[in-house]
Amino acid sequence: MGYIKNFDTLASSDNRKKVLELIEAALTAIQPKVVFENHFSLIENILKIQDKTFDLSNFEKITVIGFGKGSAEMCRIIEEALGDRLDAGFDIDVIDEHKFSKIQYTKGTHPLPSEENINYTQNVLTHLEKTGEKDLVIGVVCGGGSVLFEAPYKIDLAKLTEVNNALLKSGATISEMNVIRKHLSRVKGGGLAKILFPATFANLIFSDVPGNDLSVIASGPTVKDHSTMNDVKNILEKYKLSEKVEIAHEDFIETPTDDKYFEKVHNILMLSNHTALDAMEKKARSLGLNSFVLTDALQGDAREMGKKLIDQTPFGQVLLAGGETTIKVTGNGKGGRNQALVLNSLPFISDQTIIATFDSDGWDFYELAGAIADSKTLKKIKDMGIDVNEYLNNDNSYAFFERTGDGILTGKLESNVSDLFIVYKP
């Protein structure tokens, strides 16, 4: 049994089956157990994480802190590996529950912040106030961490939610959104590094950000920030956010810039969409398919990207890409950016072309991970008398793919490396 729960239903042709097998390969490669088997080991007192080595006998206390979608399973594996060496731990994720021995688990909310998120963060910060230079803190930072790990500088939760909601609907890129988030928070943009000083921090980063800019992932809590208050001003003006949310200059904070706060921070990129893309390329070869990776940092408007991807795929090739599109929501329907991309690409599907895009954490808003479409989808539209424009105009891609049965269903998964895109032109 793979990760796609409706695999058999979706695999209505041999070529569709091949595309779904590429998706399965990607999802398998990024799961926590596989990642840790390849990049994390503890022999006696020597902890090795990729090319970094830590002698645990040099530390008095070891703490684990995790935040982001998929962080719970990562933290569980670390807890199991450390055993009695672990003194304390905290994690926040969006799954219902997770079994730990020492780590305190909190179910948080995403894509908007909540009291649970803020209370969790404050609990962690209270604990970290007691850490010193003989302490080792192991962090697990995953996509979604920017919302789940939150300590506002001045504004309250209601205002923070307003700002996040406005950002999500503005069409701003994830990088632009995180500039705003960093300067509203005590823990983002290197803020956590300042709070942890002078402890040693091994920060395991699981990227969901196009291009893997460490300062952007979860808003860079342990990475020196180079954005300024002038950048904040420009983004607010660009998307007219001040007209949508009442927010003042004094609500923002400058991020820490002193190098001393970052000297004992080890930011380790454990996983990114490169892993998923490599797995899909390998699987494509085993299926006798010619494939190529267009980019690992795809960005752009979801409404336009489907056509662009189809146009850039030569016949006889499989195009693979990773990244994250954006969409400015104008309708009242339901759907995520991957479903929206596929829905908007329908007019440009011809012959045997297949397009599929999906969120690697299995949740492209409203249950579906993404969607797949080809000529069979077009036939269903015709046979069922579906007015595609009705769904397009109302941003209602989820309802559309529920109706046609072309939504990819996995449920929430334990890893998150951005969105992944496949176009196959046999």
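This passage describes the overall form of a predicted chain and then several of its local features. Because the model is predicted, local features need pLDDT of at least 70 and side-chain atom pairs count only at pLDDT 80 or more, whereas totals for chains, interfaces and linings use all residues. Residues are numbered from 1 along each chain as its sequence is written, and side-chain values use heavy atoms, with hydrogens and water left out.

The chain contains 17 helices and 15 strands; these are DSSP runs numbered from the N terminus, with helices being H or I of at least four residues and strands being E of at least two. For 426 residues, a compact globule would have a radius of gyration near 22 Å, and the value of 22 Å for the chain agrees with this. That radius is taken over C-alpha atoms, and the globule rule is 2.2 Å times the number of residues to the power 0.38. Along the principal axes, the C-alpha atoms fill a box of roughly 65 × 55 × 35 Å.

Of the 426 residues, 58% are buried. Here buried means under 20% relative accessible area, exposed means over 50%, and partly exposed lies in between (1.4 Å probe, protein chains only). The chain exposes about 17500 Å², of which carbon and sulfur atoms supply 46%; accessible areas come from the Shrake-Rupley method with a 1.4 Å probe, and for residues only the protein chains shown count as cover. Among contacts (heavy atoms within 4.5 Å) between residues at least 6 apart in sequence, 78% join residues at least 24 apart.

The side chains include 47 positive and 61 negative ones, and the centres of the two sets lie 3 Å apart. In this count Lys and Arg are positive and Asp and Glu negative, while His and the chain ends are not counted; the place of a charge is NZ of Lys, CZ of Arg, CG of Asp or CD of Glu. Side chains of opposite charge can pair when their charged atoms come close. A search of the whole structure finds 21 salt bridges, each defined as a side-chain nitrogen of Lys or Arg within 4 Å of a carboxyl oxygen of Asp or Glu.

Arg76 pairs with Glu73, with the closest N and O atoms 2.9 Å apart. Arg76 is partly exposed because its relative accessibility is 25%, whereas Glu73, at 11%, counts as buried. Glu304 is partly exposed at 45% relative accessibility, and Lys308 is partly exposed at 42%.

A further salt bridge joins Arg337 and Asp359, with the closest N and O atoms 4.0 Å apart. This pair links distant parts of the chain, with Arg337 in helix α14 (residues 337-345) and Asp359 in strand β12 (residues 354-359), 22 residues apart. Both partners count as buried, Arg337 at 18% relative accessibility and Asp359 at 5%.

Helix α14 is mostly covered, with nine of its nine residues buried. Its buried residues, including Arg337, Leu341 and Ser345, pack against α13, β12, β13 (370-373), α16 (388-393), α17 (397-404) and β15.

Glu414 lies in the loop between β14 (407-408) and β15 (419-425) and is partly exposed, at 31% relative accessible area. Glu414 and Ile30 are 384 residues apart in sequence but 8.7 Å apart in space, C-alpha to C-alpha. Beyond its neighbours within four places in sequence, Glu414 contacts Gln31, Pro32, Gly70, Glu73, Met74 and His98.

Two cis peptide bonds are described here. One joins His110 and Pro111, with omega about 20 degrees, and Pro111 lies in the loop between β6 (103-107) and α5 (115-128). The other runs from Phe197 to Pro198, with omega near 10 degrees, and Pro198 is placed in the loop between α9 (191-196) and β8 (200-206).
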